[in-house]
Amino acid sequence: MNLEQLFLDNKEKTIEGRYLTLESVEPILKRLNTDNQLSVVGQSVQGRTIYKYVIGSGKTKIYLWSQMHGNESTTTKALFDFLNLLHSGTELAERFLSNFTFCCLPMLNPDGAFLYTRANANEIDLNRDSQALTQPESKILRAVFEEFKPDYCYNLHDQRTIFGVADTGKPATVSFLAPSYNEEREINASRQKAINLIAEMNSVLQEFIPGQIGRFDDSFNINCIGDTFQYLGVPTVLFEAGHFPGDYQREMTRKYIFIALVSSFTGICENVVVINRTKEYLNISQNKVVFYDLMYKKVKINYDGNEKITNFAAQYKEELVDGKINFNAYIAKIDDLENFFGHEVFDAQGASYEDEDGNFPKIDQKANFCLGKEQKFVNGLIKK
């Protein structure tokens, strides 16, 4: 199976980039509603519709939800790519539809999606509300879970560009977690299935992005939805769509999430979940905060009359302006950058730093400066 071609054949071309709202996906949902698969399960804090999409007739029930955090849209794109596959009429689609029933909440937090915020409109992180259930979105997620009674849960998220695969210098383009079900982080039959699924997806993804798959920390927090569902005995897998070099719109990462989804369902069909693959899972290196978006090395600064050679780094902030996400670079760290990496690295070779305010960088200022007389940087990058 050519998984990259499969992605291209089924990519939903009407959505792209990072800013994905309910208005973006409603037309797709209505187009895919060919046999009453779509229903309304409730409303968000601000009254936006939360949809449920159910397709397939198989006995194995898969529950997937995306954009629990409103500014995490990559897995939503991949989920629609996968739904297109299910409508493709191919042999693979028929195999999946006859083996599985898929229940999807493709945008759990439409208010956060509109505002481009992690939290909902009440500024509550829905992924810390699985016990208190204070928010309408949390109640909907739990009610559908209890009604659908899934065999597997897929918790679909994005992660920031700061994460790398341990200390390898490679970005964590895709990361996984089989959440713990207790404080001791023990492995029971339910968690074992999630572990085995992740091992299968990792084995496939290593062919495409070798060394760029990470494993999330498995500390137990019953307030997190993945931990709660694992605690309730349903194998749950956390997906984290991360950074691929140069891919700030997450269109490459989208492809790898699609490939992970397809390989997981193929694996379940082929019964890979009955094999103990804990060793493979634990061999996936853990996520680690080791990256900045932009790094500048061997820069000469003049601080209170004292010259020194130093390094500094800048990080993008994703800022919503007039319906578009702007990536604005701000100085984030100065001097001690040992054991950190940059997605873009510039060697100043001793050139002097200068900006409108002086001869040294300052935390949280915009990354507009010069290095020597030749190189002018605007928004963190060399102005051409």
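I looked up the largest pocket first: its volume is about 880 Å³. On a 1 Å grid over the protein atoms alone, a pocket is an open set of points where a 1.4 Å probe fits, with protein on both sides within 12 Å along at least five of seven lines. Volume here is the space filled by probe spheres set on the points, which are joined across faces, edges and corners. The model is predicted, so I note that local features need pLDDT of at least 70 and side-chain atom pairs pLDDT 80 or more, while totals for chains, interfaces and linings use all residues. Residues are numbered from 1 along each chain as its sequence is written, and side-chain values use heavy atoms, without hydrogens and water.

I then listed the lining (residues with an atom within 4 Å of a point). It has 40 residues, and Glu72, Arg118, Asp158, Gln159 and Arg160 lie nearest the pocket centre. Strands E5 (152-158), E9 (236-241), E12 (306-321) and E13 (324-334) and helix H8 (225-231) each give two or more residues to this lining. Helices (H or I, at least four residues) and strands (E, at least two) are DSSP runs, numbered from the N terminus. By class, I find 15 charged, 13 nonpolar and twelve polar lining residues. Asp, Glu, Lys and Arg count as charged; Ala, Val, Leu, Ile, Met, Phe, Trp, Tyr, Cys and Pro as nonpolar; the others, Gly among them, as polar.

**Cores.** Next, the largest nonpolar core, of 65 residues: Phe102, Tyr154 and Phe265 touch the most other members. Helix H9 (251-269) gives the most to this core, nine residues. Apart from it lies another core of 22 residues, including Leu294 and Phe312. A nonpolar core joins buried Ala, Val, Leu, Ile, Met, Phe, Trp, Tyr and Cys residues through side-chain atoms within 4.5 Å. Buried means under 20% relative accessible area, exposed over 50%, partly exposed in between (1.4 Å probe, protein chains only).

I checked contacts (heavy atoms within 4.5 Å) for Phe102. Beyond four places in sequence, its partners include Tyr53, Ile62, Phe82 and Phe265.

**Asp293.** Is aspartate 293 buried or exposed? It is buried, at 1% relative accessible area. Asp293 sits in strand E11 (291-303). Leaving out residues up to four places away, Asp293 touches Thr161, Tyr248, Ala314, Gln315, Tyr316, Gly342, His343 and Glu344.

**Thr278.** Threonine 278 lies in helix H10 (278-282). I count it as buried because its relative accessibility is 13%. Beyond four places in sequence, Thr278 touches Ile187, Gln192, Ile195 and Asn196.
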